[in-house]
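This report sets out the main features of a single protein chain and its ligands. The sequence and structure are shown first.

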Amino acid sequence: MELVIQNLSKTYANGVRALDNVSLTIPTGMYGLLGQNGAGKSTLMRTLATLQDADSGTAMLDDLDVLNQKETVRRTLGYLPQEFGVYPRVSASELLDHFAMLKGVINGKQRAQLVEALLHRVNLWDVRKKAVSSYSGGMKQRFGIAQALIGEPKLIIVDEPTAGLDPGERNRFYNLLSEIGENVVVILSTHIVQDVMELCNNMAIIHQGRVLFGGTPQAAVNGL
Ligand code: ADP
Ligand code: ADP
């Protein structure tokens with residue numbers, strides 16, 4: 001599987017060219033998108049998540065036209081936003097059940113099984129009855145992974161995930177992501193070089209909306 005992005009451009013109404021002819025080929029596995037604040041990472045992530053439109057360009061996940069087949073993408077994409085909205089005071093299992101319903105898992109028994117499996121997967125089973133709003137930052141991120149995994153996504157987008165996480169939580173979060181990334185395309189957007197070096201098989205560096213480098217982390221280091 002492969003995500004092929006071609007000539008993606010986006011200029012905001014205020015004239016900022018956030019994406020300038022971005023072309024990237026992203027294979028299965030953990031892919032790092034590295035760039036400073038303002039580089040265009042979130043714009044690219046939100047565009048791929050069909051949360052906003054680009055001005056031009058294409059993104060194909062094998063045969064899936066990501067920018068145009070929005071319904072399919074939204075059902076099958078896993079998206080972990082930079083900042084989670086305010087969580088309601090409902091328990092993790094209730095909230096996950098709700099999201100599974102929204103993603104089209106209609107059968108109640110099937111949904112209960114899915115929710116249980118996901119909570120075990122991200123190690124939140126023991127705290128499933130607690131309100132997600134009471135979770136620590138790391139627990140919320142792991143809940144985000146569980147939520148992102150509903151619908152067996154082929155593409156998972158993770159936007160600046162580790163802000164505010166302590167090292168232990170960060171490691172747990174990344175170990176989970178790496179396991180998941182074996183079979184799907186996981187794009188990890190971050191400004192932390194070390195995260196990309198440690199976790200990603202391939203990467204790009206983006207600056208002022210342009211791709212400065214695409215390749216392996218090792219090649220990026222050698223090029224510096
Ligand atoms: P689009 O072209 O996708 O519709 P707009 O350029 O119209 O986006 O901007 C959407 C909203 O974001 C506007 O209300 C705008 O004021 C606001 N906005 C402007 N500059 C920024 C910025 N640097 N970061 C975040 N939001 C911004
Ligand atoms: P990053 O995620 O790498 O920090 P962004 O995609 O958020 O980068 O931003 C890229 C550029 O686009 C920045 O200059 C930012 O200020 C601008 N920008 C982001 N969102 C908006 C918006 N809604 N309206 C106008 N400008 C925006």
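## Overall architecture

The model is predicted. The chain contains 8 helices and 10 strands. Along the principal axes, its C-alpha atoms fill a box of roughly 45 × 35 × 35 Å. The radius of gyration is 17 Å, which agrees with the value near 17 Å that a compact globule of 224 residues would have.

Of the 224 residues, 46% are buried. Among contacts with a separation of 6 or more, 68% join residues 24 or more positions apart. The accessible surface of the chain amounts to about 11000 Å², and carbon and sulfur atoms account for 49% of that area.

## The site of ligand 2

Ligand 2 has 13 residues around it, of which Gly38, Gly40, Lys41, Ser42 and Thr43 come nearest. By class, this shell consists of 4 nonpolar, 7 polar and 2 charged residues. Helix H1, which spans residues 41-48, gives the most to the shell, with 4 residues.

A polar backbone atom of Ala39 is 3.1 Å from an oxygen atom of ligand 2, and a backbone N or O atom of Gly40 is 3.0 Å from an oxygen atom of ligand 2. Lys41 takes part through its side chain, a polar atom of which lies 2.9 Å from an oxygen atom of ligand 2. Taken alone, ligand 2 exposes 560 Å², and the protein buries 64% of that area.

## The site of ligand 1

Ligand 1 is surrounded by Lys10, Tyr12, Ala13 and Asn14. These residues divide into 2 nonpolar, 1 polar and 1 charged.

A polar side-chain atom of Lys10 lies 3.0 Å from an oxygen atom of ligand 1. For Ala13, a polar backbone atom is 2.9 Å from an oxygen atom of this ligand. Taken alone, ligand 1 exposes 570 Å², of which the protein buries 25%.

## Helix H1 and Thr47

Helix H1 is largely enclosed by the rest of the structure, because 7 of its 8 residues are buried. The buried residues are Lys41, Ser42, Thr43, Leu44, Met45, Thr47 and Leu48. After H1 comes Thr50, with a positive phi near 60°.

Thr47 lies in this helix and has a relative accessibility of 1%; it therefore counts as buried, the limit being under 20%. A polar atom of the Thr47 side chain lies 2.6 Å from the backbone oxygen of Thr43. In an α-helix there are 3.6 residues a turn, so residues three or four places apart point the same way. Beyond its neighbours within four places in sequence, Thr47 is in contact with Leu8, Leu19, Gln52, Ala54 and Leu67.

## Arg121 in helix H4

Arg121 belongs to helix H4, which covers residues 108-121. Its relative accessible area is 41%, so Arg121 is partly exposed.

When residues up to four places away in sequence are not counted, Arg121 touches Leu149, Leu176, Glu179 and Ile180.

Where do Asn7 and Glu152 lie? Asn7 is placed in strand E1, residues 2-11, whereas Glu152 lies in the loop between helix H5 (137-149) and strand E7 (155-159).

Asn7 has a positive phi of about 50° although it is not a glycine. With a relative accessible area of 41%, Asn7 is partly exposed. Glu152, likewise a residue other than glycine, has a positive phi near 45°. Glu152 is exposed, with a relative accessible area of 65%.

How values were computed. Residues are numbered from 1 along each chain as its sequence is written. Chains are lettered from A and ligands numbered from 1 in the order in which they are written. This is a predicted model: local features need pLDDT of at least 70, side-chain atom pairs count only at pLDDT 80 or more; totals for chains, interfaces and linings use all residues. Side-chain values use heavy atoms; hydrogens and water are left out. A residue is near a molecule or strand if one of its heavy atoms lies within 4 Å of it. A polar contact is a pair of N or O atoms within 3.5 Å; within protein, one must be able to donate a hydrogen and the other to accept it, and residues adjacent in sequence count only if both atoms are side-chain atoms. Accessible areas come from the Shrake-Rupley method with a 1.4 Å probe; for residues, only the protein chains shown count as cover. Helices (H or I, at least four residues) and strands (E, at least two) are DSSP runs, numbered from the N terminus. Ala, Val, Leu, Ile, Met, Phe, Trp, Tyr, Cys and Pro count as nonpolar, Asp, Glu, Lys and Arg as charged, and the others, Gly among them, as polar. The radius of gyration is taken over C-alpha atoms; the globule rule is 2.2 Å times the number of residues to the power 0.38. Buried means under 20% relative accessible area, exposed over 50%, partly exposed in between (1.4 Å probe, protein chains only). Contact means heavy atoms within 4.5 Å.
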